[in-house]
Amino acid sequence: MYHDFNYEATLASSLRAQWQLDDVLRVDQELDFSRNFMPESLARSAAVEALNPFEQRVLNHISAHQYLTIFGVVEEFILPFLVDHARPHLLGDDWRVRAILNFASEEAKHIHLFKRFHNAFVRGFPIECRMIGPSEAIGAEVLRHDPLAVGLVILMIEWMTQQHYLGSIRDDGDLDPLFKSLMKHHWMEEAQHAKLDTLIVDALGRGRSEAEIDKAIDEFFEIGGFLDDGLKTQAGFNLDALEKAIGRKVENRDEVIAQQHQAARWTYIGSGMVHERFVSTLESLSPNAARRIAEAAPLFA
Ligand SMILES: [Fe+2]
Ligand SMILES: [Fe+2]
């Protein structure tokens, strides 16, 4: 076995790691817009030479707005996936059911957390930032795929929140402490979700032929391509918001959009794709699946 995760122990560590919304952000708490919100390793806003330092910070904030809304969207499709997965086991192993329902309840809490941050963002930011959506349509498109493919996408997302947290502590001493706390607290619970989702993916892959797994990996790429198209559209929306917020047109518009799209690819896809724990799950599922995903990873770096 490539890991020693089990439902009972993971539920116990989940219950120990749990926090309340107010531990991360109280309803009336304000973000510090004089600081960056996103680590540079994710936002890559300081790398945009067409902008002055003030404008780079505005872009960093817009990238944080994207983070809050994209995680909101993602959590919204994780929740029904988990409930669907728990349903057939309701009469079976109680540790599994309790662990998965607790996982689902934490994701519902994360939806509230991202909304609370989003509200604080809207209160402090001068203009409205447009977002792709609606989230129900995005969720429905993802969830119509093979559960194994969806489970892999979710596993990838859970592991990537570790990279986000590490980015927030390594990267920059000047980040807004509330955003750093968001990434830390999110990862604290995601670390347990990633273990549970590893067990879910193992279960969904069990007994499948190589051809069936290969088909699920095709669907994994379909979901990835769909999300990536959304990120590309969002990069355009983000530049519109930036121009509105700074009151001028940005030169090399297409280049900046492409650079910001690439930053989002790394943040929301690539940083999970290359995570060693995600890679070990793929290898245990099928070395061929691991190879296909490793070959695609450089596009999302
Ligand atoms: Fe979450
Ligand atoms: Fe999660």
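**Figure 1. Helices H7 and H8 cross with left-handed geometry.** A crossing is left-handed if the near helix is turned anticlockwise from the far one by less than a right angle, and right-handed if clockwise. The model is predicted; local features need pLDDT of at least 70, side-chain atom pairs count only at pLDDT 80 or more, and totals for chains, interfaces and linings use all residues. Residues are numbered from 1 along each chain as its sequence is written, chains are lettered from A and ligands numbered from 1 in the order in which they are written, and side-chain values use heavy atoms, with hydrogens and water left out. Helix H8 covers residues 177-205, and its axis lies 8 Å from that of H7 at an angle of about 150°. H7 and H8 are therefore roughly antiparallel to each other. Angles under 35 degrees count as roughly parallel, over 145 as roughly antiparallel, 65 to 115 as roughly perpendicular and the rest as oblique. Axes are lines fitted to C-alpha atoms, for helices over the stretch in contact, and angles run from 0 to 180 degrees between N-to-C directions. Helices (H or I, at least four residues) and strands (E, at least two) are DSSP runs, numbered from the N terminus. The contact of H7 with H8 has 12 nonpolar, 9 polar and 5 charged residues. Here Ala, Val, Leu, Ile, Met, Phe, Trp, Tyr, Cys and Pro count as nonpolar, Asp, Glu, Lys and Arg as charged, and the others, Gly among them, as polar.

**Figure 2. Ile169 sits in helix H7.** With a relative accessible area of 45%, Ile169 is partly exposed. Buried means under 20% relative accessible area, exposed over 50%, partly exposed in between (1.4 Å probe, protein chains only). Lys184 is 15 residues from Ile169 along the chain, and their C-alpha atoms are separated by 8.8 Å.

**Figure 3. Helix H7 (residues 147-170) meets helix H9 (residues 210-246).** Their axes come within 8 Å and cross at roughly 55°. That makes H7 oblique to H9. The crossing is right-handed. H7 supplies Leu148, Ala149, Val150, Leu152, Val153 and Met156 to the contact. H9 supplies Ala216, Ile217, Glu219, Phe220, Ile223 and Leu227. Contact means heavy atoms within 4.5 Å. By class, the residues of this contact are 11 nonpolar, no polar and 1 charged.

**Figure 4. Helices H4 and H9 pack at about 140°.** Their axes are 10 Å apart. H4 and H9 are therefore oblique to each other. The crossing of H4 and H9 is right-handed. On the H4 side are Glu55, Val58, Leu59, Ile62, Gln66 and Ile70. They meet Leu231, Gln234, Asn238, Ala241, Leu242, Ala245 and Ile246 in H9. This contact of H4 with H9 divides into 9 nonpolar, 3 polar and 1 charged residues.

**Figure 5. The largest nonpolar core holds 93 residues.** A nonpolar core is a set of buried Ala, Val, Leu, Ile, Met, Phe, Trp, Tyr and Cys residues joined through side-chain atoms within 4.5 Å. Phe117, Leu152, Phe179, Leu242 and Phe278 touch the most other members. Helix H4 (residues 53-86) gives the largest share of this core, 14 residues. Leu242 is in contact with Leu51, Glu55, Val58, Leu59, Ile62 and Val250, leaving aside its neighbours within four places in sequence.

**Figure 6. Ala235 lies in helix H9.** At 4% relative accessibility, Ala235 counts as buried. Ala235 touches Ile257, Gln260 and His261, not counting residues up to four places away in sequence. Gly124 is 111 residues from Ala235 in sequence, and the two are 21 Å apart in space, C-alpha to C-alpha.

**Figure 7. Gly133 and Pro134 are joined by a cis peptide bond.** Omega is about 0° at this bond. Pro134 lies in the loop between helix H5 (94-124) and helix H6 (135-143).

**Figure 8. Arg44 has a positive phi, although it is not a glycine.** Its phi is about 50°. Arg44 belongs to the loop between helix H3 (40-43) and H4. Arg44 counts as partly exposed, at 22% relative accessibility.

**Figure 9. Asn252 is not a glycine, yet it has a positive phi.** The phi of Asn252 is about 50°. The loop between H9 and helix H10 (253-273) contains Asn252. At 45% relative accessibility, Asn252 counts as partly exposed.
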